Amino acid sequence: MDLTVSERIAAGRDDFLLVEIERFQGPLDLLLHLIRTQDIEIFDIPIAKITDQFLQAIRGLEATDLDGAGEFLEMAATLIHIKSQMLLPRPGQDEDEDPRAELVRRLLEYEQIREISQRLRSAEADRSRRFGKGYVPPRPKKPLEDVPLETTWDEVFEAAMQVEMPIPRDRTHRVTTRKVTMEEKAILILDHLKRSTRVEFNRLLQGFKERSHGVMTFLAGLELTRRRMLFLRQTRPFAELWIYKRDQDTEADEAPPVPRAEPTSSEDDQGVDA
Amino acid sequence: MNAHQIVEAVLFASDAPLTADEIARADELLDEDEVEDALQFLRAEYDDAGRAFQLVEVAEGYQILTRPEFAPYLERFDNVPRPSRLSGPALETLAIIAYRQPIGRVEVEYIRGVGSSGVIRTLQDRRLIDVVGRAEGLGRPLLYGTTNHFLAHFGFKSLEDLPRPDELPIVLRERIPLEADHDTTDDDEAEDDSAPADELPEGWTGEASTEESEQVAQD
């Protein structure tokens, strides 16, 4: 662009309408551009003029981008509809209801959103100037190009000879899995409680994948609770389950500090005697 | 070891904002109030000592971040995480969702005037928005809202940090309340949140459908 829009208007040229549609986020953006660059009073849009300008501006739309074009065409249809309503007020229609009202409301709303996104953009820029901890590993190297296979039959034969043939076995093969025992989980819990007065249930599951570990850890927790070696606490349903050490000497007969009436802490009561 | 040292250690080791509540989990003797006190102490200490980093409140939590003036030095390193910038359409869509949440795709598209399903998916992939519920009505369309990651990305403490509509230089504010508590009139129209775009309230009154949206976001 060699001239600003206002210069072009002043020069009586209307080729400022030959806008690049791609520059605009959509039909509302384009309409606002037309209105704001010509200092048009938004509450009194000269709808005939704007419609013509809008139609001229979208003339350059690529026919290939049907989705994008459709949105502009839809707006064009809306503008033409409003124009016709302005010319031919339907009898019985509310005199106060300006056919342009909804369009103006949308334009203002869109303009406000556009302003907010500018604010967001500068907030984003500000934030990006502050760095938190975190390390990003160097970008991975490009994968190796496909190397053409270069070999000889001798090499292939040699390699083939090194492959051990499977020896058929006639022994019965028994598959056993390592069983998860409650004892080992009890030891795990007590081990953690040696170092700290409480431990998160989930922490005890770290490194174990199978569900049986969770089940056994929980059962071990219940068993130890029954033996009054610890108590379980959960502040609300589905919250994190905490396992607390219980001092056997001092509070063997005391109730745990969690009031039993508290419905959400039922974990430690139920199942104890089950 | 005292409380503010423990809090400092936890913050130092974290690469994401932590709430006082989360920090308090570090030690059974710490409660939230003590953490808050420690945070104030650390914030003042960093500022007074002129450290290169600050304790910043962001995304409902706290994080140790470098001061902005050191950005040019850090940007020279490849392995310093560089936040990516969002595109224009993404920012526009995010702005609408931030102010109107919970909001459905059809309403976003009506406000923008263009199809937005791709942008919404991208924002969702980048964890800036998430599905927060479903609207009543035909097809029970999904409703979207912003996430904590959204706050972190823009460095906002909470949604309160978003520019208020009445700070904006646009005359709109009496007509289009962007917040529910700005609502003035038109309670009679507060029925059809899930209405398709062409049935949205018309006329100069310009009812923004924030109020209705709240009713349907509960599930």
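Student: At roughly what angle do the axes of helix α2 (residues 27–37) and helix α5 (residues 101–127) of chain A cross?

Tutor: In this predicted model, the axes of α2(A) and α5(A) cross at roughly 95° and come within 10 Å.

Student: What makes α2(A) roughly perpendicular to α5(A)?

Tutor: Angles of 65 to 115 degrees count as roughly perpendicular. The crossing angle is roughly 95°, so α2(A) is roughly perpendicular to α5(A).

Student: Which residues make that contact?

Tutor: From α2(A) come A:Leu28, A:Leu31 and A:Leu32, and from α5(A) come A:Arg106, A:Leu107, A:Tyr110 and A:Glu111. By class, this contact has 5 nonpolar, no polar and 2 charged residues.

Student: How do you know that A:Tyr110 belongs to the contact of α2(A) with α5(A)?

Tutor: Two residues are in contact if their C-beta atoms, placed from the backbone, lie within 7 Å. A:Tyr110 is listed among the α5(A) residues that make the contact.

Student: Which residues make the contact of α5(A) with α5(B)?

Tutor: On the α5(A) side they are A:Ile113, A:Arg114, A:Ile116, A:Ser117, A:Leu120 and A:Arg121. On the α5(B) side they are B:Leu91, B:Glu92, B:Leu94, B:Ala95, B:Ile96 and B:Tyr99. The classes here are 8 nonpolar, 1 polar and 3 charged residues.

Student: How many bridges join β4(B) and β5(B)?

Tutor: This antiparallel pair has 5 bridges. In one of them, B:Arg134 is partnered by B:Leu142 of β5(B).

Student: What is the strand order in the sheet of chain A?

Tutor: The order is β1-β3-β2, again an open sheet of 3 strands with antiparallel pairing. Its edge strands are β1 (198–200) and β2 (230–234), each pairing on one side only. The twist averages 25° from one strand to the next. β2(A) pairs with β3 (residues 241–245) of chain A over 5 bridges, and A:Gln234 stands opposite A:Leu241. Helix α9 (residues 211–226) of chain A packs on this sheet, touching β2 and β3, and its direction makes about 125° with that of β2(A).

Student: Where in chain B does pLDDT stay under 50?

Tutor: That happens over residues 171–219 of chain B, for which the model has 80 contacts beyond four places in sequence. Where pLDDT is low, the predicted coordinates should not be read in detail. Among the elements of chain B, helix α9 (residues 210–216) has the lowest mean pLDDT, 38, while β5(B) has the highest, 94. Chain B averages a pLDDT of 78.

Student: What ipTM does the predictor give the complex?

Tutor: The ipTM is 0.72, and the pTM is 0.58.

Methods. Residues are numbered from 1 along each chain as its sequence is written. Chains are lettered from A and ligands numbered from 1 in the order in which they are written. This is a predicted model: local features need pLDDT of at least 70, side-chain atom pairs count only at pLDDT 80 or more; totals for chains, interfaces and linings use all residues. pLDDT is the predictor's confidence in each residue, from 0 to 100. Helices (H or I, at least four residues) and strands (E, at least two) are DSSP runs, numbered from the N terminus. Two strands pair if DSSP finds at least two bridges between them. Axes are lines fitted to C-alpha atoms, for helices over the stretch in contact, and angles run from 0 to 180 degrees between N-to-C directions. Angles under 35 degrees count as roughly parallel, over 145 as roughly antiparallel, 65 to 115 as roughly perpendicular and the rest as oblique. Ala, Val, Leu, Ile, Met, Phe, Trp, Tyr, Cys and Pro count as nonpolar, Asp, Glu, Lys and Arg as charged, and the others, Gly among them, as polar.
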